[in-house]
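Morning, everyone. Here is the model for today, and I will keep this brisk.

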Amino acid sequence: MQQQAVLLACSTESNITAWDLATATQLTQYKGNASGRGRVTRLGSDYLAAAQNSKDAIHFWTWHKDQVLQRCFTQEPLTALAASPNGAYLVGGGASGTLYCWEAFSGRLLRSWPAHYKAVSCLAFSDSGGLLVSAGEDTLVAAWLLAEVLDEQRDGPAAAAAAAVGMARVEPLHTWSEHTLPVTCIYLGSAAAGVVGGPGSCCYEGHSKAISSLEITPDGEQLVSGSEDGTARIWDLRSRQCLRSIASPNKAPVTAALLMAWPGHLGPAGSAGRQGPKRLQPLAALAKFAGAAGTSKPWEGLINQQQQGSGQGSGQQQQQQQQQQQDVAQLQQQVEQLQQQLQESRQVAGQWQALHGELHQFCTDKVLATGLDA
């Protein structure tokens with residue numbers, strides 16, 4: 001299994017700390033964060049993003065620098081944050097129940113739409129990136145096709161005009177309303193086992209306060225739990241024994257224990273591993289409103305602006321621009337692939353709906369038959 005790292009984030013003003021999963025050794029830290037549950041996400045291969053508690057802002061870091069690289073301000077406090085697996089799109093959920101979708105490399109706010117009646121509590125993308133699932137304090141869970149979120153022309157000129165100012169409504173692929181309490185966590189995956197955390201757990205004893213975060217390693221061997229007691233624990237799933245314990249800075253309540261493959265440029269401060277890549281993934285300042293002009297021109301990211309200001313030669317700038325154009329072409333191909341996935345997902349959804357109807361009819365007939373026999 002590829003070497004894994006654990007990122008710990010806290011609700012109080014402190015540093016995000018990175019740890020080696022195998023040895024529980026601290027690798028580095030990232031300054032200037034205070035984020036709640038479900039508000040920290042990895043953006044592509046080069047960035048870490050976190051929605052802040054005390055201000056309507058998102059902070060971004062690169063793996064090789066401990067200072068905040070970029071701060072972007074949003075229309076309202078974000079209560080959830082997630083990024084597509086390829087890092088092309090960033091989605092935030094607000095206290096009002098609104099979802100916001102940004103294009104990371106241009107900073108454009110592509111769309112915002114009312115998704116929940118109360119605050120959005122958590123967000124998750126499928127492994128393919130074609131499906132977004134949101135949950136809220138209104139007890140609802142909804143699945144959204146990313147292709148429909150990005151398709152401004154799907155409902156004609158009127159919808160396109162509304163989308164231009166971020167007002168177009170997106171209809172969910174499916175909605176689950178069976179919960180009676182606010183949903184606090186979403187996990188999308190193919191694992192057959194599930195883990196539930198809470199105060200006084202009888203299966204994995206060790207935390208003294210509520211569980212705030214759970215992650216399972218890709219090989220299914222270990223569990224990482226974060227808790228409001230200010231620690232994260234690494235468990236062996238077979239023996240249910242705690243292998244290692246990690247303390248957050250100043251024992252602050254842990255709101256995220258993010259497990260991920262070891263980033264290529266993450267390493268101890270001052271070491272050779274802290275050298276950044278030659279070319280980072282394009283990242284622009286996020287626009288606060290749809291249609292608003294950001295700090296970057298279309299397809300021109302923050303990193304490109306910094307390189308232009310550093311006095312590099314025109315030949316190198318031209319090479320960078322050509323590379324960015326290639327990146328844009330690749331992203332456009334990804335949009336086309338998502339549109340194709342939309343059609344396939346609709347077919348699969350139709351099959352599942354038919355199967356659900358058959359199962360419901362079978363259960364109904366069974367219950368009625370049992371009642372008559374009684």
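Let's start with a pair of side chains. Asp-66 and Lys-31 meet in a salt bridge, at 3.8 Å from N to O. By salt bridge I mean a side-chain nitrogen of Lys or Arg within 4 Å of a carboxyl oxygen of Asp or Glu. This pair links distant parts of the chain, 35 residues apart. Asp-66 sits in the loop between β6 (57-62) and β7 (70-73), and Lys-31 in strand β3 (residues 26-33). Strands here are DSSP runs of E, at least two residues, and helices are runs of H or I, at least four, numbered from the N terminus.

How covered are the two partners? Asp-66 is partly exposed, at 25% relative accessible area. Lys-31 is partly exposed as well, at 33%. The cut-offs: buried is under 20% relative accessible area, exposed is over 50%, partly exposed is in between, with a 1.4 Å probe and protein chains only.

A word on the ground rules. This is a predicted model, where local features need pLDDT of at least 70, side-chain atom pairs count only at pLDDT 80 or more, and totals for chains, interfaces and linings use all residues. Residues are numbered from 1 along each chain as its sequence is written, and side-chain values use heavy atoms, with hydrogens and water left out.

Back to charges. How many salt bridges does the structure hold? There are 4. One of them joins Arg-238 and Glu-221, at 3.3 Å from N to O. That pair also links distant parts of the chain, 17 residues apart. Arg-238 lies in the loop between β18 (231-236) and β19 (241-247). Glu-221 lies in the loop between β16 (211-216) and β17 (222-227). Arg-238 is exposed, at 71%, while Glu-221 is partly exposed, at 28%.

Another salt bridge is Arg-108 with Glu-103, the closest N and O atoms being 3.2 Å apart. Arg-108 is partly exposed at 43%. Glu-103 is buried, at 6%.

Now a sheet. It is open, has 4 strands in the order β8-β9-β10-β11, and pairs antiparallel. Pairing needs at least two DSSP bridges between two strands. β8 (78-83) and β11 (109-114) are at the edges, each with a single partner strand, so one side of each has no neighbour in the sheet. Neighbouring strands are turned by 15° against each other on average, direction ignored. For that angle, axes are lines fitted to C-alpha atoms, for helices over the stretch in contact, and angles run from 0 to 180 degrees between N-to-C directions.

Take β8. 6 of its 6 residues are buried, so β8 is largely enclosed by the rest of the structure. 5 bridges join β8 to strand β9 (residues 89-94). In that pairing, Ala-82 stands opposite Val-91. The hairpin of β8 and β9 has 5 residues between the strands, and Gly-87 takes a positive phi near 80° there.

At the other end, 5 bridges join β10 (residues 98-103) to β11, again antiparallel. Cys-101 stands opposite Arg-111 in β11.

Next, a record. In the model, residues 113-144 are 0% helix and 56% strand, with end C-alpha atoms 11 Å apart.

Finally, helix α4 (residues 314-373) contains Leu-355. Leu-355 is partly exposed, at 44%.
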